Amino acid sequence: MESKITHPVQNGGKINKMMALNLLMGAIGIYLWWTIYRVLPDLSKWLTYKLLPIQEGSHLGSSVEFFFYDTPKVMMLLFLVVFGVGILRSFFTPEKTRTFLSGKSEFVGNIFAALLGIITPFCSCSAVPLFIGFVTAGVPLGVTFSFLIAAPMVNEIALGLLYGLLGWKVAAIYLGTGLFIAISAGWVIGRLKLENHVEDWVTQANAANLTMEEEKLTWNDRFVYGWDAVKEIMGRVWIYVILGIAVGAGIHGFVPEGVMASIMGKDSWWSVPLSVVIGVPMYSNAAGVIPVVEALLGKGAALGSVLAFMMSVIALSLPEMVILRKVLKPKLIAVFVGVVASGILFVGYLFNMIL
Amino acid sequence: MEIKVLGPGCAKCKKTEKLVQEVIKEIGVDATVEKVSDMMQIASYGVFGTPSVIVDGEVKCTGKVPKKDDIKKWLLK
C-alpha cells in the first residue's frame, strides 16, 4: 500500500509579510518577557509580606515567597523552552529518524538513537506503533531501546528548567548522564540478544511501507508548530508544575537545613537506592519534578541522589510499562526496568562520589 | 467515504475523532468514521504516531491532532 500526503504550496509574498510580522511580535514578546522576569523577586516579596499579613523570616513566609517566585518564573521559562524546542522539533519526524537509524551499526546506532530520542517529536502513547515501525524496518532492538529510553529520560523541558533554575552545570550533567544511560542500557539490551522476547505478532506484523512526501514547512509553519506546542504542553503540565512548586515550597519553608543532608546526603550508601525506590512509583512529569529538585538541593541533598530521584520519576513510569507490555514479553520488560534502574544507580553513586 | 481514526484511546485520539465527526456534520458529507484502537491493525497501516487519520485508504496525517481546516480539505476532495 502506498500513501501520500500532499501539502498546498503557499504564496511567497504573503509569507515574507507574515515573517516580518512574526519577528516584530517576537522582539516585543522577548522584551516584555525579560522586563517581567527581572521584577519577579521583588514582586514575590511584595505579594508575600505587604499584600498578605505574613511575618518576614517565618517558615510560612519563606514557603509562600518560594511559591510566588517560582510559579511565574517556571511558567515563563517553560514557555520559552517549549516554544524553542517546538521550532527545533519541526525539523524532525519519527519517519526520518527511522530511515536514518535503520542503516546504522549497533554501537554508533545507540549513540544516534539516544540523541535523536531527545529531539524527535513523539508522545508516549505512540510508543507501540513507533516500536513496531522501528523493529520491522530493521533497526536493531538495542538501538530502538536507546531511543525509547532517551525520549522520556532526557526531557527538553527538564533540561531548560534545570538550566534556568540551577545553572548550566547541573543541566549539562543531567544531559550527559541521561545520554550515557540511554546509550549503555540500549547497548546492553542489544548484547543480551532478547529478540525472541518481543511479542510474536510484532515480528509477524505486516507493516505497510508508508512513503510520505516530505512536508515542506515554511518558517511561518515552524512558528505555528512552536506555538501549538506551547498551547498543548502548557495546557497539560501547568497543574503538575503548580503541585510540584507547592511541594517544593513546603520543603523550602519547613524542612530544617541539614535534615535532607542526612537522608539524601552523600555519606549514606542507601540514599541513592532509596531515591530510586521512592521515584519509580511516582508519576509526574519533568516540569513538576524540577521545583522539588530545586528545593531538595537547597536543603543539602546530594546532587547524585537528587538526580537519581528525578530520573526514576520521569524515565520509569508504570503507565509506560503497561503500554509496552503489548509488544514486549514480561522478561524483556523486567530487563528494561532493571538495566535502566542500574544505570540510574550508577549515575547517582558516581555524582555523590565525585562532587 | 470511509474514514479511519487510528489511536489506542489517548486524549489526543479522542479529540481527533471528535473533530472529524464535527467536520462531517458541518459540511454534510456522506462518510463513515471508524475508530481503530487495536495495535496490530494500527501497525498494519505503517504509521508511527497516533492519532492518524486515513481517508479512503490514504494516510492523511500521523502523530498529531489535525486542524479542522485540514480535515475539511481532505473530506471535500
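Tutor: Start with the contacts of A:Y349. Leaving out residues up to four places away in sequence, A:Y349 touches A:V272 and A:G304. Keep in mind that this is a predicted model. A:Y349 sits in helix α16 of chain A, which covers residues 330-354. A:I183 is 166 residues from A:Y349 along the chain. The C-alpha atoms of A:Y349 and A:I183 are separated by 19 Å.

Go back to the contact A:G304. Find helix α14 of chain A, residues 303-315. Helix α14 of chain A has 13 residues. From its first C-alpha to its last it reaches 18 Å, close to the 18 Å expected at 1.5 Å a residue. How many residues of α14(A) are buried? The count is 13 of the 13, so α14(A) is largely enclosed by the rest of the structure.

Next comes the nonpolar core. In soluble globular proteins, nonpolar side chains tend to be buried together. Here the largest nonpolar core holds 111 residues. Which of them touch the most other members? They are A:I149, A:A150, A:V306 and A:V340. Helix α2 of chain A, residues 59-89, gives this core its largest share, twelve residues. Take A:A150 as one case. Setting aside neighbours within four places in sequence, A:A150 is in contact with A:A114, A:G117, A:I118, A:G178, A:L179 and A:A182.

Now turn to chain B. Chain B has three helices and four strands. Along the sequence they follow the pattern β-α-β-α-β-β-α. The C-alpha trace of chain B spans about 30 × 25 × 15 Å along its principal axes. A compact globule of 77 residues would have a radius of gyration near 11 Å, and chain B agrees, at 11 Å. Of its 77 residues, 40% count as buried. Among contacts in chain B with a separation of 6 or more, 64% join residues 24 or more positions apart.

Last, the confidence. Chain B averages a pLDDT of 83, and 100% of its residues score at least 70. Within chain B, strand β1 (residues 2-6) scores highest, at 88. Helix α2 (residues 39-44) of chain B is lowest, at a mean of 76. For the complex, the predictor gives an ipTM of 0.74 and a pTM of 0.78.

Definitions and conventions. Residues are numbered from 1 along each chain as its sequence is written. Chains are lettered from A and ligands numbered from 1 in the order in which they are written. This is a predicted model: local features need pLDDT of at least 70, side-chain atom pairs count only at pLDDT 80 or more; totals for chains, interfaces and linings use all residues. pLDDT is the predictor's confidence in each residue, from 0 to 100. Helices (H or I, at least four residues) and strands (E, at least two) are DSSP runs, numbered from the N terminus. The expected span of a helix is 1.5 Å times one less than its number of residues. A residue is buried if 20 or more other C-beta atoms lie within 10 Å of its own, exposed if 12 or fewer, and partly exposed in between; C-beta atoms are placed from the backbone. The radius of gyration is taken over C-alpha atoms; the globule rule is 2.2 Å times the number of residues to the power 0.38. Two residues are in contact if their C-beta atoms, placed from the backbone, lie within 7 Å. A nonpolar core is a set of buried Ala, Val, Leu, Ile, Met, Phe, Trp, Tyr and Cys residues joined through C-beta atoms within 7 Å.
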